[in-house]
Amino acid sequence: MPGFELFGKEERKEVQDVLDTGVLFRYGFDQARKGHWKAKTFEMELAERIGAGYCHLCSSGTAALTIALASCCVGAGDEVIVPPFTFIATIEAVLNAGAVPVFAEIDETLCLDPDAIEAVISPRTKAVLPVHMCGAMARIDEIKERCDQEGLILIEDACQAIGATFEGKALGTFGQMGCFSFDSVKTITCGEGGAVVTDDNILYTAADAYSDHGHDHIGNDRGLEGHVILGTNFRISELNAAVGLAQLRKLDFILEKQRRHKKAIKDALAHIPGVTFRKIPDEAGDSATFLSFFLPDESAARNTAADLAKAGVDSCFYWYDNNWHYIRSWDHLKTLQAARLPLQLYENCPDYQQVKLPRSDEIISRTISMLIKLSWTEEELAERIDKIIAAMKS
Ligand SMILES: *Cc1c(COP(=O)(O)O)cnc(C)c1O
């Protein structure tokens, strides 16, 4: 996930356009901005690139998730089905909506298992929020089918999977809304930023208003605008949007490079006994930000992770012990370390210390992921592969 690896003359030029006018804001100043609308242009180009009807750019991926939940009317007391393997932001967004995260098992795609949804559905379930982790997809067609059958809203957290597709259709465009992040470690970056996409004009209008205090953005006098709903401020600045615009235009280059680098490492690993790979429902649509593989059991995975670290192979992740991406170490969630949260007022407030996810534990405890970088030269890539093979044969 290499947005931070690229900052070239294209990014500088887009930022310079904004600096030249001094209009650092996405709304208003129509004359002074001399035709530069970086956020708006980004939205048009991203929607077009991924085949979504509408896109709204905002201040972060977490903001995007919050906007999507609010726009889909997920609120107080509603239950939202989430996976335990994600960046905690997914859970934070649900909590901050006043809703209740309900965990369901993942499968060997490392994403929410469509067959695990039914077991946790209750009369209060309102939405399903799968996360396309580490650059590739959940069994999103089956998840969508379940949601349609059960009358549940589907919101996709595609923060880590921009540019990835399932059977030719972009991740983020399967549900009512899809969310992206452009923070420092994502495939493309705005510095900080996020986006929601949708095909539904009503949801788009709600998202656009919610993220700017309810403003309807009709006309060109901000002071006279109407307010359709109560909202908040998740606006992005033109400076951040400008960086993202240059990065978005490099997405195809990034994907091509990642896919080539990933294939080289994967081909080499395929010869190591005991190594199997994450299931990817459509390999061709993988954005290839990570190579994720399984060892036969927890102790083999732990040893391999240690051997790789010892051999100096950087950017390898053993998620089971990682306190950012897997529920096992989310002590601050388990004990609800926060000011009193809305869900603590509900009788359906889960005890997160008691959540049992044996299948997810079993899968994550033998998973290792390697970050795929753009900036490797051919020599560096070859050297890396030699190091990996040497470390893993021992
Ligand atoms: C990065 C990320 C987010 C949050 O994005 P920010 O822009 O950092 O707020 C949400 N979900 C997932 C899966 C992520 O990886």
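Which residues line the second largest cavity? Bear in mind throughout that the model is predicted. Select Lys262, Lys266, Phe277, Arg278, Ile280, Leu291 and Ser292, for these residues form the lining. Two elements, helix H8 (251-269) and strand S11 (290-294), each give two or more residues to this lining. The volume of the second largest cavity is about 30 Å³. Now colour the selected residues by class: three are nonpolar, one is polar and three are charged.

**The largest cavity**

How many cavities of 30 Å³ or more does a search of the whole structure find? The search finds two. To view the largest cavity, select Ala52, Gly172, Thr173, Gly175, Gln176, Met177, Gly178, Val197, Thr198 and Asp199, which line it. Next, highlight strand S8 (177-181) and strand S9 (194-198), the elements that give two or more residues to the lining of the largest cavity. This cavity has a volume of about 40 Å³.

**The ligand and its shell**

Proceed now to the ligand. Which residues are the closest to the ligand? Select Gly61, Thr62, Ser181, Asp183 and Lys186, the closest among the 16 residues that surround the ligand.

Then display helix H3 (61-71) and helix H4 (89-96), each of which supplies at least two residues of the shell around the ligand. Of the elements, H3 gives the most to this shell, with three residues.

**Individual contacts**

Begin with glycine 61: one of its backbone N or O atoms lies 2.7 Å from an oxygen atom of the ligand. Continue to threonine 62, where an N or O atom of the side chain is 2.5 Å from an oxygen atom of the ligand. Then select aspartate 157, which has a polar side-chain atom 2.8 Å from a nitrogen atom of the ligand. How much of the area that the ligand exposes when taken alone does the protein bury? Taken alone, the ligand exposes 380 Å², and the protein buries 94% of that area. To see this cover, show the protein as a surface and keep the ligand selected.

Key. Residues are numbered from 1 along each chain as its sequence is written. This is a predicted model: local features need pLDDT of at least 70, side-chain atom pairs count only at pLDDT 80 or more; totals for chains, interfaces and linings use all residues. Side-chain values use heavy atoms; hydrogens and water are left out. On a 1 Å grid over the protein atoms alone, a cavity is a set of points where a 1.4 Å probe fits but cannot get out, and a pocket is an open set with protein on both sides within 12 Å along at least five of seven lines; lining residues have an atom within 4 Å of a point. Grid points are joined across faces, edges and corners, and a volume is the space filled by probe spheres set on the points. Helices (H or I, at least four residues) and strands (E, at least two) are DSSP runs, numbered from the N terminus. Ala, Val, Leu, Ile, Met, Phe, Trp, Tyr, Cys and Pro count as nonpolar, Asp, Glu, Lys and Arg as charged, and the others, Gly among them, as polar. A residue is near a molecule or strand if one of its heavy atoms lies within 4 Å of it. A polar contact is a pair of N or O atoms within 3.5 Å; within protein, one must be able to donate a hydrogen and the other to accept it, and residues adjacent in sequence count only if both atoms are side-chain atoms. Accessible areas come from the Shrake-Rupley method with a 1.4 Å probe; for residues, only the protein chains shown count as cover.
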